[in-house]
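Hi everyone, thanks for coming. Let's take a look at this one together, starting on the screen.

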Amino acid sequence: MKRNYFHASFTPKSLNFRTLNFLFGYIMIEISVLGSGSRGNSTWISNGTDSFLIDAGFCGRELDERLTKIGHNLKDVQAVVITHDHGDHINGAGVVARNANAPVWIHARNLNKLKKRLGKRVEFQYFTPLMPFTIGAITITPFETPHDATHSSGFIIEQDGAKIGYATDVGFPEPSVIAALKKCDILVIESNHDEELLRTGPYPPILQARISSDEGHLSNRQTAEILKAVAHEHLKQVILIHLSGENNNPSLALAEAKMALEGFSTEIVLSTQVEPTARITL
Ligand SMILES: [Zn+2]
Ligand SMILES: [Zn+2]
């Protein structure tokens, strides 16, 4: 006979992530984009036991405050995995690594510049594109992304069949990036700018050219192109990240993504620069 674990006062509403894991042995992955945009990027990923950040582009205090908002804190961070060496992705990585005593995973060929930027007393671990590595029970497979940084990377995060794709700061919908992002349950993807708003916006021509180049950022249209190519019936959520404050409008990004995912029941979540998204679990 199936055991009923529920006490009368123990409503589904009170079920949290750790409780579900404990009671039912569910392996779940939890994700929250703590903030995303040109003023800082960081994403929390955890299976309830193993936890890490992708990027740490906010100062330590700011990251701690944002983690507190989703029920965690800096000490819960067991590793920081870095996409690339631009300040909006690494500014707080050294502080987090020292405070949480957490290693920082970087591209194996990205040593000197990052080591200098992150300061002393940081333990580095090195990854190579397409070579999976693990943080506890979570497997992470890096893949290269076209961007004007030193060895920029995206990641596939997997545990027990659950798959999250993570792609930020991607110059254009490169076929290898699209191939990497297929069959995900959750996709975290840049939707940086609206092409018309960028063209008519406040940025000088040289910066406009950099952003729209093949080593810059994905426009809403390019993100939609990727979404169309990777959409499938089990794609539960798409989290749009790195929206430009000057050259985009959340409603435009959302509309393009919605059109690309027409016919699918995928939920689209907009991240913001100022606060964490809700925790999304798989
Ligand atoms: Zn960048
Ligand atoms: Zn960036």
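Helices (H or I, at least four residues) and strands (E, at least two) are DSSP runs, numbered from the N terminus. Here, 2 bridges join strand E3, residues 51–54, to strand E4, residues 80–81, and the two run parallel. Which residue of E4 is the bridge partner of Leu53? That is Val80.

This is a predicted model, where local features need pLDDT of at least 70 and side-chain atom pairs count only at pLDDT 80 or more, while totals for chains, interfaces and linings use all residues. Residues are numbered from 1 along each chain as its sequence is written, with chains lettered from A and ligands numbered from 1 in the order in which they are written. The mean pLDDT (the predictor's confidence in each residue, from 0 to 100) is 91. Over residues 1–14, though, pLDDT stays under 50. Where pLDDT is low, the predicted coordinates should not be read in detail.

Back to the sheet: 7 strands form an open one with mixed pairing, in the order E6-E5-E4-E3-E2-E1-E14. E6 and E14 stand at the edges with a single partner strand each, so one side of each has no neighbour in the sheet.

Now helix H10, residues 250–260. Its buried residues (20 or more other C-beta atoms within 10 Å of their own, C-beta atoms being placed from the backbone; exposed means 12 or fewer, partly exposed in between) are Ala253, Glu256, Ala257 and Ala260. Down the axis of H10, they fall within an arc of 95° (taken from the directions from the helix axis to the C-beta atoms), so they line one face. The face turned away from that buried side carries exposed Ser251 and Met259.

How values were computed. Contact = placed C-beta atoms within 7 Å. Pairing = 2+ DSSP bridges.
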